[in-house]
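Please look over the sequence and the model before reading on.

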Amino acid sequence: MVMTATLNQYVPAHGVRAPAGRAPALRIGATPVLVGIGAGAVAVLGLWWTNTTTISGLGDYLTHAGRITGLLAGYGAIILLGLMARVPALERGIGTDRLTRWHAMGGRYTVSMLVAHGLLITWGYAVTARTSVVGQGISLLRDYPDVLYATIGAALFVAIGVVSARAARKRMSYEAWHLMHLGTYLAIALSFLHQFSTGADFAGHKPAQIAWSTLYGVVTVLLIWYRVLTPIRQAFRHRMRVEGVRMEGPDVVSVYLTGRHLDELKAEPGQFFRWRFLTSEGWWASNPYSLSAPVSDGRLRITVKEAGGHSAQLARLQPGTKVMASGPYGAFTGGVRRRRKVLLIGAGVGITPLRTLLETLPGRPGDITLIYRARHMSDLVLRTEIEEIAFDRGARVHYLVGTREQLGGDPLGAEQLEWLVPNLQHHDVYLCGPESLTAATREALREAGVSRRRIHHESFEF
């Protein structure tokens, strides 16, 4: 079923704006970060080069290849943690969704480098000593305790990499996956001493040790500050509590929260927080949920669909329940907009950040179009609010309801989108929903002529 609502009355949206005189929040874009990471990798290779005189024979080639992969693995591991340190300037400038994809891709390379390092070093030593690879490996583990610890750390990295693979990840709850990922800290700690005690590029080289320790130290401080201390500080400052809970549809609940000085959070429409509800069954888990309404009158709201143990507990929250929230995070905001005309495409509870953007993005009547994809009418969460906002703003709303078979194909294909949205190639597009939908719709938008730079998307993959 395709339903269209073209609503022409216009009343200015009452979105939340930063107080006059407040400096814009710092944003660091993707280019300088990628350049910095690349420069660091070159410096790591330079460290190996300056400590290498001659290479001769198969044993030497294997050993030096092991040194290079080991250095790059150690560098990659700390960069992975830095990307996920929740530094606000990176979250605003690049976005959590993109940082997470970088983290996942970098994780695969780092684990590969780590495994290659262990195999190449052992093989190289075995060739030089004219012994078996297995015997050499046992000797290294027996005679060098730091190598044993590093091997345990490497095994943890591999295990984390396995559970992060898409097939395994789909079978795990967010909470279990997150708990497994905490093992990354232990894995890096176990391997750090090994780098200094037996690493040929660090042993006896003070400048290299100082530079490497500084890199690890800075990232450690960022992790502690933004992932531990900042949420605690915000909890004491804002004193958030649950005001009430309302069912929005089958397995969908809105949680209303109040607190103090919430304007200081500088939360932008489209962003999310990581929420920790301090109940006996939920205090240990921190989950990401988008705001489903702009911050207003000292109140926040999230709207969540039951997808696991933590989200299922939200319907049972009692008024007065204390809340810890870290954030806001994400670059899925009006700040990335480049064109006057905007298309919003959402599915499921991916509609929640789009609902806030629908209300707050500046525009004239007809500038903003919303496409809401759902399998059943009952899945159209916040429909009444959306239609009221669209009526006020003169926005167009299209509901695409039903299965592909019922709708005669993919309703978000390139031809269908061009039919629904005239001059589609001249729009900025905000896309939010399940990963399978966002991936397919991105391809359809590109086929329809929308520039990649004007497709802003966020998924719920962890």
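## Annotated stretches

Over residues 209-229 the chain is 100% helix and 0% strand, with the end C-alpha atoms 28 Å apart; helices are DSSP runs of H or I with at least four residues, strands are E runs of at least two, and both are numbered from the N terminus. Residues 109-127 are likewise 100% helix and 0% strand, and there the end C-alpha atoms lie 26 Å apart.

An unreviewed UniProt entry annotates "transmembrane region" over several ranges, among them 109-127 and 209-229; its positions follow the numbering used here, feature names are shortened, and annotations may be inferred rather than shown by experiment.

## Basis of the values

The model is predicted, with local features needing pLDDT of at least 70 and side-chain atom pairs counting only at pLDDT 80 or more, while totals for chains, interfaces and linings use all residues. Residues are numbered from 1 along each chain as its sequence is written, and side-chain values use heavy atoms, leaving out hydrogens and water.

Three strands form an open sheet in the order 5-4-7 with antiparallel pairing, where pairing requires at least two DSSP bridges between two strands. Strand 5 (287-290) and strand 7 are the edge strands, each pairing on one side only.

Strand 4 (residues 272-277) pairs with strand 7 over five bridges; in strand 7, Val323 is the bridge partner of Phe277 and Met324 that of Arg276.

## Burial of strand 7

Because seven of the seven residues of strand 7 (residues 323-329) are buried, this strand is largely enclosed by the rest of the structure; buried means under 20% relative accessible area, with a 1.4 Å probe and protein chains only.

Key:
Buried < 20%, exposed > 50% of the residue type's maximum accessible area, 1.4 Å probe, protein only.
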